[in-house]
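Here is a friendly walk through a two-chain model, from the contact between its chains to the fold of one of them. Have your viewer ready.

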Amino acid sequence: VRLAPVDTQRLDLRLPAEAKSLSLMRQSLERWLSAAGVHGDDIYEITVACGEACMNAVEHAYPPGDAVFVVTGSIAGGELELVVRDFGFWRPPRRDTDRGRGIGLMKRLMDAAQISPGPSGTTVRLRRAVRQRAEMAA
Amino acid sequence: VKPLAQLELRHDADVLVASVEGEIDISNASELEAALSASLPNNALGIVLDLTRTSYIDSAGVHFLFGLGARLTRRRQQLRLVVGDGSPIARVLKLTGVSWTLQHDASVQVSLRLMRAEVRRAPGEENWLSAGSEPWY
């Protein structure tokens with residue numbers, strides 16, 4: 001579990017696929033976005049969107065127990081890209097947790113949200129233009 | 001590990017006032033629901049859920065709010081949320097339809113007043129429901 005990314009250009013997290021990893025992810029992502037000079041309101045919305053993508057990863061985890069998910073991020077030229085990958089099977093959103101709502105939220109909070117289920121896992125790619133403090137912009 | 005959220009419960013006469021300080025996500029939403037359900041008397045008018053100090057909510061938390069609201073409605077009780085204007089979670093509540101589906105007010109005082117004005121009980125109605133603090137779902 002890597003918690004304190006020092007490189008402000010890239011984020012790279014690998015977390016156990018379990019519900020309590022989500023708050024760790026949020027802390028790390030917020031810290032990274034803040035170090036990159038991203039505006040506070042943007043940080044909040046990006047964190048919610050990424051949280052939804054990671055919740056998908058946690059729910060897809062198979063076999064439960066020792067699975068992980070990976071979050072990578074980069075910012076260049078005012079464009080943020082986050083990629084959330086899990087290594088489980090795609091399953092339709094579970095009724096009891098209303099995941100359809102989470103996917104809608106992800107799409108509304110980002111400029112683009114692309115979900116690509118594959119045989120060895122699912123990749124969610126999130127993109128959004130961000131306002132950065134001038135001196136931090138790459 | 002520090003818990004994500006602190007739930008504070010108090011009874012203001014016939015209303016359960018619950019305040020959540022911290023974050024609501026998939027890891028604690030069902031716990032919150034269980035704690036609230038265990039604390040709501042059958043003869044209460046409803047729950048005022050104070051989210052003023054809630055700093056984060058995701059779709060699992062939203063699901064919990066909708067579920068709680070629906071269950072209270074079936075029991076002829078009311079759920080009112082308290083969400084400050086500049087609240088960080090306001091945008092999520094708006095995007096997911098919470099703010100036009102569930103009643104929400106700017107302060108606990110306003111919620112209490114409106115709930116008492118809107119939830120009317122026929123005399124003796126609380127006795128139709130099963131007694132006391134039995135499970136209410």
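Buried area is the accessible area (1.4 Å probe) that two parts lose on being put together, summed over both. By that definition, chain A and chain B bury about 1700 Å² between them, and carbon and sulfur atoms give 60% of it. A:Arg26, A:Tyr44 and A:Arg101 supply 36% of the area that chain A buries against chain B, more than any other three residues.

Before going further, please keep in mind that this is a predicted model, in which local features need pLDDT of at least 70 and side-chain atom pairs count only at pLDDT 80 or more, while totals for chains, interfaces and linings use all residues. Residues are numbered from 1 along each chain as its sequence is written, chains are lettered from A in the order in which they are written, and side-chain values use heavy atoms, leaving out hydrogens and water.

**The interface**

Counting contacts (heavy atoms within 4.5 Å), 23 residues of chain A meet 20 residues of chain B. Three salt bridges link the two chains, a salt bridge being a side-chain nitrogen of Lys or Arg within 4 Å of a carboxyl oxygen of Asp or Glu. One of them joins the side chains of A:Arg26 and B:Glu23, at 3.1 Å from N to O.

Which elements give two or more residues to the side of chain A that touches chain B? They are helices H1 (21-35), H2 (40-60) and H3 (99-109) of chain A, where helices are DSSP runs of H or I with at least four residues and strands are runs of E with at least two, numbered from the N terminus. H2(A) gives the most, with eight residues.

**The sheet and its helices**

Chain A also holds an open sheet of five strands in the order S1-S2-S3-S5-S4, with antiparallel pairing; two strands pair if DSSP finds at least two bridges between them. Its edge strands, S1 (10-16) and S4 (112-118) of chain A, each pair on one side only. Eight bridges join S2(A), residues 68-76, to S3(A), residues 79-86, and A:Ser74 stands opposite A:Glu81 in S3(A).

Axes are lines fitted to C-alpha atoms, for helices over the stretch in contact, and angles run from 0 to 180 degrees between N-to-C directions.

| Helix | Strands touched | Angle |
|---|---|---|
| H1(A) | S1, S2 and S3 of chain A | about 170° with S1(A) |
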